Amino acid sequence: MGLGSRSGFDAIAATGDLDIEVDAADVSLAADLAVTSYGFWGEHGFAAVQLLAAPLSGQVEGAPYHGKASYAAALAVGDATGTNPVGMGSATWRGIAEAASTRTFERRQGTATVTVADLSRPRVSVGIAVPGHAIDAPAWADMPLAGGRFAAGTAGTDYLEGNFHGPQHGETYGVFDTGAYIGVFGAKRDR
């Protein structure tokens, strides 16, 4: 386990192992799961990408089976405000992103920028930048904002969902899934 910080967020990288055995009709499998989580948190939320890798062995309908399973998941939780930021002018939140390739299941680190161009007109734009990798999606610009929540796309097709968190909407956290990448972001309001 490694604790640290990144761009004003506390961060953790944790790895664990889990052995699983399945013995059902015509299927017998054993897996040694290695799970690694890359997470971060501020004062009002937490976000993490979890990567799972497991060599599999066993029998399926009497035939030997050997293979590998890989999986990536993203989660963001916290003290969602349930209200939209208000005021005059614009507001910007800057922070970090964690992503994983759904092809190679390798971790990618980046930045996140969340902007409300006109606080009197609740629309949100989110930019995710991971050097050397195209993750941003046009659908993430000018998203409607309702009850402090914003979302666009469909899972596996440029999906992004987020919420504002804490007093004065000081933080925002969310998840994204482009099909090629799955990940999370967190950002703090510029003062």
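**Aromatic pairs and overall build of a predicted protein model**

Good morning. The structure holds 7 aromatic pairs; rings of Phe, Tyr and Trp (its six-membered ring) count as a pair if their centres lie within 6.5 Å, and planes under 30 degrees apart are called stacked, over 60 edge-to-face and the rest tilted. Please note that this is a predicted model, in which local features need pLDDT of at least 70 and side-chain atom pairs count only at pLDDT 80 or more, while totals for chains, interfaces and linings use all residues. Residues are numbered from 1 along each chain as its sequence is written, and side-chain values use heavy atoms, with hydrogens and water left out.

I begin with Trp41 and Phe46, a tilted pair with 6.3 Å from centre to centre and 35 degrees between the planes. Trp41 is partly exposed at 27% relative accessibility, and Phe46 is partly exposed at 28%. Here buried means under 20% relative accessible area, exposed over 50%, and partly exposed in between, with a 1.4 Å probe and protein chains only.

Trp93 and Phe164 form a tilted pair as well, with 4.7 Å between centres and 50 degrees between planes. Trp93 lies in strand E6 (residues 91-101) and Phe164 in strand E11, so this pair ties together parts that are 71 residues apart in sequence. Strands are DSSP runs of E with at least two residues, helices are runs of H or I with at least four, and both are numbered from the N terminus. Both Trp93 and Phe164 are buried. Together with Phe150 and Phe185, they form one aromatic cluster.

Let us turn to the whole protein. How many helices and strands does the protein have? There are 0 helices and 13 strands. The C-alpha atoms fill a box of roughly 70 × 35 × 30 Å, taken along the principal axes. Of the 191 residues, 37% are buried. Among contacts (heavy atoms within 4.5 Å) between residues at least 6 apart in sequence, 48% join residues at least 24 apart.

Finally, I come to the backbone. Most residues other than glycine have a negative phi. Asp142, although not a glycine, has a positive phi of about 60 degrees. Asp142 sits in the loop between strand E8 (123-129) and strand E9 (143-146), and is partly exposed at 35% relative accessible area. Gln168, also not a glycine, has a positive phi of about 55 degrees. Its place is the loop between strand E11 (157-165) and strand E12 (171-177). Is Gln168 buried or exposed? At 59% relative accessibility, Gln168 counts as exposed. Thank you.
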